Amino acid sequence: MSYLVPILIVALFAFASFKRVNVYNSFVDGAKQSIPTAVAIFPYLFATFLMVNALRASGVSALIVDFVSPPFQLVGIPKQVLELLLIRPFSGSGSLAILSDVYNTYGTDSYVGNCASVIMGSSETVFYISAVYFSQTRVKRLGWAIPIALFCNLAGGILACILCRFL
Amino acid sequence: MNAIWTTLVIICFALLTATNPNSVLTLCVESGKQAVDYTFQLVAIYALWQGVFCVAERCNLVEKLAKILSKLNNFLYGNVSKQAQKYLALNMASNVVGVGNASTPSAIEAIKLMEGGQKLSRGGAMLFVLNACGLQLVPTTVIGLRATFGSQNPSQILWPTIVCTLFSLILGVFLTNIAYPKKAQSSNL
């Protein structure tokens, strides 16, 4: 697996030289666009990090977890991974921090550790992606896109907690 | 997003001000620093991949890739322009290869081309849902982190993770298909 990406890049550059494409100029031209792309994302990143940090520092996320844990425990999601499930849609680095906390407290190979791992691996930062993707369009009415994505991630999380019982 | 963000920030800041007023500004500045750090990481990652993609584009490989994936893309995104199809194919390829964040620049370009109006179209919705349901199957970051934390078997979560990702992916495609039906073939494309 670790060979795949380097081989692809080497093969691409070799093929491009063979086709008499100026690899150096093309690479630089493409790389140039990275700064505007990343800079356009920056304010959304800032706003998201601010909210996630405030949620954790003020203890509000812990309150929400306490409040919503009974129904989630009914569908088989342990309370310890709920905070992960809550922060995950907003921030990748925030949820990685929570995952590390879970590993430290319960161990990586415990049921809770496995659940948290699978949830982290199979879900995505829904709100972050929506901010980034739609930041450069004029779209105002998103319809059901975000609820669908959240629901699918949650469904994946429930399945994760079921599957981990068999590990 | 506006309602969620504003409500949560007001509540959290009010609580923090009541318990520990000094922490509020520190938290804001810390978040800003995190965002700056992360943005620079993104610049580096995007520079590499946009550079590589540009090389691929100039030797017409992206066009070929788009042709190979055209059936799948047509099924997923409906009728979109040639240029958008190229970015959609790139997005699909970088997700399948599993390089974190490489899929974002192509997704942004594709969505810019597909979304002209104020109402989200099927193509944009599908692209968003696919990426937000984890088109990226192999959880390299999590497996790495498990190894760092001394797991006996870091990759034992691989199969459940792939099953869960596929499950939410298929569910996502299914629901998006219902919520954003394909338009009848339009002639002005």
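In this predicted model, the side chains of A:Lys32 and A:Asp29 meet in a salt bridge, with N and O 3.3 Å apart; a salt bridge here is a side-chain nitrogen of Lys or Arg within 4 Å of a carboxyl oxygen of Asp or Glu. The two residues are three apart in helix α2 (residues 23-32) of chain A, so about one helical turn separates A:Lys32 and A:Asp29. Helices are DSSP runs of H or I with at least four residues, numbered from the N terminus. A:Asp29 also reaches across to the other chain, forming a salt bridge with B:Arg58 whose closest N and O atoms are 3.1 Å apart.

Residues are numbered from 1 along each chain as its sequence is written, and chains are lettered from A in the order in which they are written. Local features need pLDDT of at least 70 and side-chain atom pairs pLDDT 80 or more, whereas totals for chains, interfaces and linings use all residues, and side-chain values use heavy atoms, with hydrogens and water left out.

Turning to the interface, 81 residues of chain B and 85 residues of chain A take part in the contact, defined by heavy atoms within 4.5 Å. Chain B and chain A bury about 7200 Å² between them, 76% of it on carbon and sulfur atoms; buried area is the accessible area (1.4 Å probe) lost by two parts on being put together, summed over both.

Confidence is given by pLDDT, the predictor's per-residue score from 0 to 100. Chain B has a mean pLDDT of 88, with 96% of its residues at 70 or more. Over residues 185-189 of chain B, pLDDT stays under 50, and the model has four contacts beyond four places in sequence for this stretch.

As for chain A, the domain assignment gives domain 1 (1-32) and domain 2 (37-166), such bounds coming from an automatic or database assignment. The C-alpha centres of domain 1 and domain 2 of chain A lie 35 Å apart.
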